[in-house]
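Thanks for coming. Please look at the structure on the screen while I go through a few places in it.

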Amino acid sequence: QQYTGKDYGAYDKSNLGAEELTAQNVDMYAERSMPLCMSQLHSGLKRDHKLKHWGRLQYGLFLKGAGLSMEESLLFFQREFGKIMTAEQFNKNYSYNIRHMYGKEGKRASYTPYNCTKIILGNPPNAGDHHGCPYRHYDEEHLGALLAKMKIGSPSERNEILNHKRSKNFQLACVKHFEIAHPQAASVRGANLDGVGNHPNAWFAASVSYHNAKNGGTSSSSGSAAAAAASPTASATTKMEVVSPDAKA
C-alpha cells in the first residue's frame, strides 16, 4: 500500500519546536528519539566513520527531514568521515551528494526521506551496510540480541517485538518499540503520534513532541486520554499502512 502521509521532504527546522537540530546534538537525539533503523545507521556511522551509498541516502535524507540544515549536515558527516579521510577527500567524494539531497546541485530537486514502505521493500543491506529495516532485514537472533543490548523493554516486551517480526508485521514491531520507549504516550497532551510505524521521521517527530510535552509537564488526565493510554499509539496504528514483504517495490 502506497504511503500517503507527510513526506517530510522540505527542510523544516521547526520539527524540534524551540530547539534546532545541529551537528552537535544529533548524538543526543539518536539515543533518545530515533527509530531503530536510524539509530542503527547512526551507530554504524560512529563505529565505521563512514556509510555506504544506500546508508548515506537513508540517513542523510532522514536528518534533513528531521530539521538538520545542509550546512549542519555537511559539518556532521565531515566530522565523522574526517576520522578516516582528509577534508579534501570528503569534499571531493561526498559533499556534492549532501548538497544534492538538499536540492543545491544537479537538477536542484529537493529529495524526500524514505518512508517505511520504501525501506522495507528497498535494497537489502549487504556486509558492511547499515541501511534497511532491522525488523525486516535482521535475522531473529541478531534482532533479539540487539534489543537486549539496547535494553529495549522487558524480555516479554522484546518477545512481542520478535513475534511481530515472525509474523512479518515489521511496522507493528516498530510501533511496539515506540510504545515501550514512550510510556503512556497518548495521555501526554501535546504529543503528536501521527504516522508512527509508517515513516521514520514521524516516529522521530512523535518522540520529540512526547519528550517536549513531558518536559513541559503537560500530561492529560482526562477520561478520553486515559482510554487512549490503554493503546498508547492508537492514533498511529489506526492509520497503519502495513506493507507486505512480498509486494513489489
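Which residues form one aromatic cluster? Keep in mind that this is a predicted model. The cluster is made of Tyr29, Tyr59, Phe62, Phe76, Phe77, Phe81, Phe90, Tyr94 and Phe204. Across the whole structure, the search finds 11 aromatic pairs. One of them joins phenylalanine 81 and tyrosine 94, edge-to-face, with 4.8 Å centre to centre and 70 degrees between the planes. Phenylalanine 81 belongs to helix 4 and tyrosine 94 to helix 5, so this pair ties together parts that are 13 residues apart in sequence. Both phenylalanine 81 and tyrosine 94 are buried.

Two other rings have a lysine over the face. Lysine 64 sits over tyrosine 102, 5.6 Å from the ring centre. Lysine 118 sits over tyrosine 114, at 4.9 Å from the ring centre.

Next, helix 8, residues 140-149. Its buried residues are Leu143, Gly144, Leu146 and Leu147. Viewed down the axis of helix 8, they fall within an arc of 160 degrees, so they line one face of the helix. What do they pack against? Helix 2, helix 7 and helix 9. Glu141 and Lys149, on the other side of helix 8, are exposed.

Now the two ends. At the start of helix 8, a side-chain oxygen of aspartate 139 comes to within 3.2 Å of the backbone nitrogen of glutamate 141. Just after helix 8, lysine 151 has a positive phi of about 55 degrees.

Last, threonine 22, in the segment before helix 1. Is threonine 22 buried or exposed? Its relative accessibility is 19%, so threonine 22 counts as buried, the cut-off being under 20%. Apart from neighbours within four places in sequence, threonine 22 is in contact with Leu68 and Glu72.

Conventions
Residues numbered from 1 in each chain as written. Predicted model: local features only at pLDDT ≥ 70, side-chain atom pairs only at ≥ 80, totals over all residues. Heavy atoms only, no water. Helix = DSSP H or I, 4+ residues; strand = E, 2+ residues; numbered from the N terminus. Buried < 20%, exposed > 50% of the residue type's maximum accessible area, 1.4 Å probe, protein only. Contact = heavy atoms within 4.5 Å. Arc of directions from axis to C-beta. Polar contact = N/O pair within 3.5 Å; in protein donor to acceptor, adjacent residues only side chain to side chain. Phe/Tyr/Trp six-rings, centres within 6.5 Å; stacked < 30°, edge-to-face > 60°. Lys NZ or Arg CZ within 6 Å of the ring centre and 35° of its normal.
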